[in-house]
Amino acid sequence: MGEFSQIMQIVAEQIKSASPQMEVVNAFPNAPRNNPQKENLAVMGIQKVFLQPIGFEDFCGESFQVRGKKAEVWVKVSFCCKSAQQCWESWESVLNSMMFSKKLKVGQAECGEAVWQKDWGGIVLPVRFCLDFIISGEKDQEETELHPEQFRIIRKGEKI
């Protein structure tokens, strides 16, 4: 599983823990979604990503070697509900859960305008979360240069 798929899985788990009755799907699933949509649904997708290299130059004064990437990931979640009240309750529950999560570091949360979706007769409330992650590279012992064979997501509070 890729690092961004792992990030999406962590966000999905957090949404489900905040609102267990909600179904969570990706914005671009493997199979097409059926309409009309469910009564209580969260559709999520990665909107944009900023990556910055992380090394030891700032700490040791040695030549710069990249040891991983700091990823700032913007995740868009659209809450789809039958009523505006239900959307706002879902948003509040998920926001409270994410702000105090041990797995996620939320840098920013933005809420859009709730709109009536006449296609399926419900309300859609778009929100965005800016999440911070460290993606570290693990290299083979034989290699002299840093070309990671695999990456792992380091969650909030973990040491590299």
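R128 lies over the face of W74, 4.2 Å from the ring centre. K48 also sits over the face of W74. A charge counts as over a ring if NZ of Lys or CZ of Arg is within 6 Å of the ring centre and within 35 degrees of the ring normal.

| Residue over W74 | Distance from ring centre |
|---|---|
| R128 | 4.2 Å |
| K48 | 5.6 Å |

The model is predicted, so local features need pLDDT of at least 70 and side-chain atom pairs count only at pLDDT 80 or more, while totals for chains, interfaces and linings use all residues. Residues are numbered from 1 along each chain, and side-chain values use heavy atoms, without hydrogens and water.

W74 is also touched by G45 (contact: heavy atoms within 4.5 Å). At 15% relative accessibility, G45 counts as buried (under 20% relative accessible area; exposed is over 50%, partly exposed in between; 1.4 Å probe, protein chains only).

The search of the whole structure finds one aromatic pair. W91 and F129 form this tilted pair, 5.9 Å centre to centre with 40° between the planes. Ring centres must lie within 6.5 Å; planes under 30 degrees apart are stacked, over 60 edge-to-face, the rest tilted. W91 belongs to helix α3 and F129 to strand β6. F129 is buried at 0% relative accessibility.

Conventions:
Rings of Phe, Tyr and Trp (its six-membered ring) pair if their centres lie within 6.5 Å; planes under 30 degrees apart count as stacked, over 60 as edge-to-face and the rest as tilted. Helices (H or I, at least four residues) and strands (E, at least two) are DSSP runs, numbered from the N terminus. Lists of a residue's contacts leave out its neighbours within four places in sequence.
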